[in-house]
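Trainee: Please take me through this model. I would like to ask about it piece by piece.

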Amino acid sequence: MARVRPMLSGVPETLLWTLYNRAHEAGQRYPVLDDPVAPRLVEALDYPFEERFGRPNAYYSQLQGLRSRCFDLAVQEYLVEWPRATVVALGDGLETGFWRVDNGTLDWLSVELPEVAELRRTLLPASERMRVLARSATDPAWLDEIEDPRGRGVVVTAQGLLMYLRPAEVRAILVACAERLPGGVLVMDSMARRPARHTMTGRWKVGGMTIPPMRWAMDPDERHKLLATHPGITEVRALRLPRGRGATGELIRLQAMLPGLRALTPAMTRLRFGEAPPR
């Protein structure tokens, strides 16, 4: 089978970096994330991963694995309550969460830009319970694709996405979810203000790739402010990364605990939506 050449740049290209990290972590003796599909995806792509991003980094690879695992655990927790829920993955790139959390009854909807949606359709196995919608996450029309959100339940994930949007776009997504997904949850990560400002200079690089500007940021201690976004947001809960492996895993754990350092990595948050009171 011919290898596929991804024609991506800017924010969409970052999905190749996260895939590269997950694939490296999956190859470890005791990986923090069970993701056997990721190495196969790297092999299927005609892309100079090492030339573009440098040699795999043990810290970033494990951190990426733990971040994905944190999302998986949050989705699985919701599926205990709503086993037939729809999982809506906004901007999930070449993530393979469907195969990691599938309980045999969930429905999965990936919402991706057209060029990334085509990659998913080409490279990932098909399933009658998994759909790919070629549309920007900022287009609220993806909400129309959710079948019976009240009866089945909905969990929305936004991994490595919101920080690249404008503040008004982030707010619009949260408001739309709060108004249309009562009983659902949204699992998201966010970047703190200081590192986000650093991306605006164009000097933050990973190998030969410049990290795109992160236009929306939120310090971990500001999570509570999300409650004021809409009265339908009834709970904001911080999520902790799972425990890692070895000295690198311990470093990641300590970094997430110390106030002076935890702002350097993405913060994980879960929002729950209830019935909004009348205005």
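**Rings, helices and salt bridges**

Mentor: Ring pairs link Tyr-20, Tyr-47, Phe-49 and Phe-53 into a cluster. Rings of Phe, Tyr and Trp (its six-membered ring) pair if their centres lie within 6.5 Å; planes under 30 degrees apart count as stacked, over 60 as edge-to-face and the rest as tilted. This is a predicted model: local features need pLDDT of at least 70, side-chain atom pairs count only at pLDDT 80 or more, and totals for chains, interfaces and linings use all residues. Residues are numbered from 1 along each chain as its sequence is written, and side-chain values use heavy atoms, with hydrogens and water left out.

Trainee: How many aromatic pairs does the structure hold?

Mentor: Pairs are found by the distance between ring centres, with the limit of 6.5 Å. By that rule the structure's number of aromatic pairs is 10.

Trainee: Are the planes of Tyr-20 and Phe-53 stacked, tilted or edge-to-face?

Mentor: Tyr-20 is part of helix H1 and Phe-53 of helix H3 (residues 49-53), so this pair ties together parts that are 33 residues apart in sequence. Helices (H or I, at least four residues) and strands (E, at least two) are DSSP runs, numbered from the N terminus. The ring centres are 5.9 Å apart and the planes stand at 40 degrees, so the pair is tilted.

Trainee: Are Tyr-20 and Phe-53 buried or exposed?

Mentor: Buried means under 20% relative accessible area, exposed over 50%, and partly exposed in between (1.4 Å probe, protein chains only). Tyr-20 and Phe-53 are both buried.

Trainee: At what angle do the axes of H1 and H4 cross?

Mentor: Two packed helices are described by the angle between their axes and the distance between the axes. Axes are lines fitted to C-alpha atoms, for helices over the stretch in contact, and angles run from 0 to 180 degrees between N-to-C directions. Helix H1 (residues 14-26) and helix H4 (residues 58-81) have axes that come within 8 Å, and the crossing angle is roughly 95 degrees.

Trainee: Are H1 and H4 roughly parallel or roughly perpendicular to each other?

Mentor: Angles under 35 degrees count as roughly parallel, over 145 as roughly antiparallel, 65 to 115 as roughly perpendicular and the rest as oblique. With axes crossing at roughly 95 degrees, H1 and H4 are therefore roughly perpendicular.

Trainee: Which residues of H4 make the contact with H1?

Mentor: Contact means heavy atoms within 4.5 Å. On the H1 side it is made by Trp-17, Thr-18, Asn-21, Arg-22, His-24 and Glu-25. On the H4 side it is made by Tyr-60, Ser-61, Gln-62, Gln-64, Arg-67 and Ser-68.

Trainee: How many salt bridges does the structure hold?

Mentor: A salt bridge is a side-chain nitrogen of Lys or Arg within 4 Å of a carboxyl oxygen of Asp or Glu. The structure's number of salt bridges is 24.

Trainee: How far apart in sequence are the parts tied together by Arg-237 and Glu-77?

Mentor: Arg-237 and Glu-77 form a salt bridge, with their closest N and O atoms 3.0 Å apart. Arg-237 lies in strand E8 (residues 233-239) and Glu-77 in helix H4, so the parts tied together are apart in sequence by 160 residues.

Trainee: Is Glu-95 buried or exposed?

Mentor: Glu-95 forms a salt bridge with Arg-100, the closest N and O atoms being 2.8 Å apart. Arg-100, at 17% relative accessibility, counts as buried. The relative accessible area of Glu-95 is 8%, so Glu-95 is buried.

Trainee: In which helix is Arg-193, the partner of Glu-222?

Mentor: Glu-222 and Arg-193 form a salt bridge, the closest N and O atoms being 2.9 Å apart. The pair links distant parts of the chain, 29 residues apart: Glu-222 is in the loop between strand E7 (209-210) and E8, and Arg-193 is in helix H9 (residues 193-199).

Trainee: What is the relative accessible area of Asp-189?

Mentor: Asp-189 is in strand E5 (residues 185-190). Beyond residues up to four places away in sequence, Asp-189 touches several others, including Arg-67, Phe-71, Leu-161 and Met-268. Asp-189 is buried, its relative accessible area being 0%.
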